[in-house]
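Subject: Structure handover

Hi,

My notes on what was found follow below it.

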Amino acid sequence: MKTTKQTILLSGASIAGLTMAYWMSRYGYEVTVVEIGAEPRRGGSPIDVRGEALDCASRMGILDAIKEAKLPTEGLKFMNAQNEVQGIMLVEEIGAIRPGDDIEIRRDDLVDILYKNVRDGITYKFNNRITALDQDAEKVTATFKDGTTGTYDFVIGADGIHSGVRKLVFGQEDQFTHFLNYYFSVFAVDGRLGEKNYAHMYNTPNTMATVYFYNTDSADAVLAFRSSHKITYNRYDIQEQKQLVSDAFEGIGWKVPQLIEELKQADNFYLDQGCQIKMPTWTKGRVALIGDAGYAPAFPTGMGSTLAIQGATVLADAMAQNEDYNRAFKLYHETFRPVVETLQATVYDGMSFILPETQEKIDERNKSGRETN
Ligand SMILES: Cc1cc2nc3c(=O)[nH]c(=O)nc-3n(C[C@H](O)[C@H](O)[C@H](O)COP(=O)(O)OP(=O)(O)OC[C@H]3O[C@@H](n4cnc5c(N)ncnc54)[C@H](O)[C@@H]3O)c2cc1C
């Protein structure tokens, strides 16, 4: 039995990575986190922490902080081009689509809460990333972008949809990416474009514009659109991406022209393709994947953060309970794969809801909400 502390390198300081950092530190590991950004990555629209992820949060001692940051959203209003309400869905009705408790929180707040919980005793390498991984039966050696190297007992990829660890250890991204024929962008906008306590959604066939308001002076906008084909763009060229979204929303009414003006100024703009990550295995040797890196469920499921918290906790618990990591990794698969597969299968319902393809389907969806008086 080893007497020195086991070491673990986590790639990605977001929901999955920070959750895993908490658990592995608590289970006595020496934890290093490498993050490509200068700090944990911010941005994004409200996200839901649901069901079992709330139990994990409770075990981590952060449930009260999450409850305190709960957004006061009362519901979602479906709007028409004249900014008239066509139907309303209350939060309870949206939540009822999935069983279990649900707390809606800003993505930034969740990242901050997790980060605050794991600041001490952990080595962070910001503005850095893994460029090579070499493993044998005993250890994994990582080379970093800054030229340094390190040797660890385990390496965990928690680095999102475009995971660097996945690419280095499991192979090219396109083998595992299932494109869902839509793109979505998120950026902060002037709070006056929203309405206190409500999200507003406006659709035309195959496009969706939503403004989430937080009772502060800022709101978040999501612009999403379906695309029959993959669009080639530079992931690091924000101007090109902003143009791509502006073009997709050209000539669309409601508040879209104002949102596009805001988009041009936004410094936290985020765009990605809608996709799921599906892999036959999430582990290879001493390397494992968690969160979006291994099993991104996609935005319309509303379950990305929940799966990330839950998956990291399942893997950490399995490693704490089994000295033999092969058994731990096996348990991780056995316990978590059914959860992931069931959830991923629900994505098309979510897509029909947020991105109806015809005006008839938009009208039908709007009428499924409560009538306005
Ligand atoms: C900026 C941003 C905005 C988002 N907005 C939304 C949203 O509005 N709605 C929604 O449902 N989901 C959104 N997501 C996705 C959501 O955060 C995830 O689905 C979910 O929380 C799972 O989290 P994760 O930790 O697995 O992945 P992510 O939250 O994607 O985190 C991955 C982390 O890894 C880092 N990283 C990436 N590549 C490397 C690398 N090579 N080396 C080191 N670090 C790396 C990233 O900077 C990031 O910190 C967003 C993600 C990001 C990054």
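Start with His333. Its contacts (heavy atoms within 4.5 Å) are Thr281, Trp282, Thr283 and Pro338, leaving out residues up to four places away in sequence.

Some ground rules. This is a predicted model, where local features need pLDDT of at least 70 and side-chain atom pairs count only at pLDDT 80 or more, while totals for chains, interfaces and linings use all residues. Residues are numbered from 1 along each chain as its sequence is written, and side-chain values use heavy atoms, with hydrogens and water left out.

Back to His333. It sits in helix α11, residues 325-344. Helices are DSSP runs of H or I with at least four residues, strands are E runs of at least two, and both are numbered from the N terminus. His333 has 15% relative accessibility, so it counts as buried. Buried means under 20% relative accessible area, exposed over 50%, and partly exposed in between, with a 1.4 Å probe and protein chains only. The His333 side chain also makes a polar contact with the side chain of Thr281, at 3.3 Å. Such a contact is a pair of N or O atoms within 3.5 Å; within protein, one must be able to donate a hydrogen and the other to accept it, and residues adjacent in sequence count only if both atoms are side-chain atoms.

Next, helix α2 (residues 51-60). Its buried residues are Ala53, Leu54, Cys56, Ala57 and Met60. Seen down the axis of α2, they fall within an arc of 155 degrees, so they line one face of the helix. The arc is taken from the directions from the helix axis to the C-beta atoms. Glu52 and Asp55 are exposed on the other side of α2. The cover over the buried residues includes α1 (15-26), β3 (47-50) and α10 (304-321). Just after α2, Gly61 has a positive phi of about 80 degrees.

Now the ligand. Among the 28 residues around it, Ser14, Glu35, Ser45, Arg107 and Asp292 come nearest. To be near, a residue needs a heavy atom within 4 Å. An N or O atom in the Arg107 side chain is 2.9 Å from an oxygen atom of the ligand. For the Ser305 side chain, the corresponding distance to a ligand oxygen atom is 3.0 Å. The protein covers 91% of the 920 Å² of accessible area that the ligand has on its own. Those areas come from the Shrake-Rupley method with a 1.4 Å probe. α10 gives the most to the shell, with 3 residues.

Best wishes
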